[in-house]
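Trainee: I've just opened this one and would like a quick tour. Could we go through how the helices pack, and then look for pockets?

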Amino acid sequence: MAGPSRARGGGQSVLNTLNALTEDDLGSAAQRDRRKRMLDATIALATKGGYEAVQMRAVAENADVALGTLYRYFPSKNHLLVTGLAREFENAQEKLDRVDIPGETPSERVLFVLGRVTRKLQRYPQLTEAMTRAFMFADASVSAEVDTVARLMERMFGQAIHEEPSAEDLAIARVIGDVWLSNLVAWVTRRASVSDVAARLELTVHLLLDNVSARPTAASAR
């Protein structure tokens, strides 16, 4: 009897060890799942009802998490919405990474990217209103999330200018991002039409980029 008893004990010991080794990984996976559910709930609420529909208690209920848990992850609705905007840009960038951006000049390529991302956001005006409002009027407590969105925009537009963007390209990309977001705000608040936004963005891109279209890229310079 001693043999089987030791075998069972040894098996339980191994199981305990494996549980201990994987506890952090399982915890991280659970945290990622909770975070995703919270953002999914935020996007769903904002898509239906805009900024005002995103209430912390409603997000917690829809995400099936405790209200206190939600606040530990996201201290405010602006944190939720700006993080949601970052996720939208991450998804857009992943899709762009899988295609060759058409256009012979930086202006053409940037306008393609702007058009593609803008059309997607314009399909969901309530959601776009909520996310851009949160971004434009976020206070210092949301600075990390705002910085993340700014970096994603900078990368997306910078790589459309040149595959290996220079410091100048990235500076131009930041300006384009600022103009783009302000025009999205004008659109969702009905101060500008879709055609107004398109015309303003095209003018901005040409003013900023036509003078650098002839500059060689880092790849061609080598």
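**Helix packing and the main pocket**

Mentor: Let's start with a pair: α4 and α7 pack at an angle of about 20°, with their axes 9 Å apart. Axes are lines fitted to C-alpha atoms over the stretch in contact, with angles from 0 to 180 degrees between N-to-C directions, and helices are DSSP runs (H or I, at least four residues) numbered from the N terminus. This is a predicted model, where local features need pLDDT of at least 70, side-chain atom pairs count only at pLDDT 80 or more, and totals for chains, interfaces and linings use all residues. Residues are numbered from 1 along each chain as its sequence is written, and side-chain values use heavy atoms, with hydrogens and water left out.

Trainee: How are α4 and α7 oriented to each other, parallel or antiparallel?

Mentor: Their angle is about 20°. Angles under 35 degrees count as roughly parallel, and those over 145 as roughly antiparallel. So α4 and α7 are roughly parallel.

Trainee: And how are α5 and α9 oriented, parallel or antiparallel?

Mentor: Helix α5 (residues 106-122) and helix α9 (residues 194-209) have axes that come within 10 Å and cross at roughly 155°. Therefore this pair is roughly antiparallel.

Trainee: How many nonpolar residues are in the contact of α8 with α9?

Mentor: In α8, I172, V175, I176, V179, W180, N183, A186 and W187 meet V194, V197, R200, L201, T204, V205, L208 and L209 of α9, where contact means heavy atoms within 4.5 Å. Ala, Val, Leu, Ile, Met, Phe, Trp, Tyr, Cys and Pro count as nonpolar, Asp, Glu, Lys and Arg as charged, and the others, Gly among them, as polar. Besides two polar and one charged, the contact of α8 with α9 has nonpolar residues numbering 13.

Trainee: Which helix gives the most to the lining of the largest pocket?

Mentor: A pocket is an open set of points on a 1 Å grid over the protein atoms alone, where a 1.4 Å probe fits, with protein on both sides within 12 Å along at least five of seven lines; lining residues have an atom within 4 Å of a point. The largest pocket is lined by 13 residues, with V99, I101, Q159, A160 and E163 nearest its centre. α4 (77-97) and α7 (143-161) each supply at least two residues of that lining. With four residues, the one giving the most is α7.

Conventions
Parallel < 35°, antiparallel > 145°, perpendicular 65-115°, else oblique.
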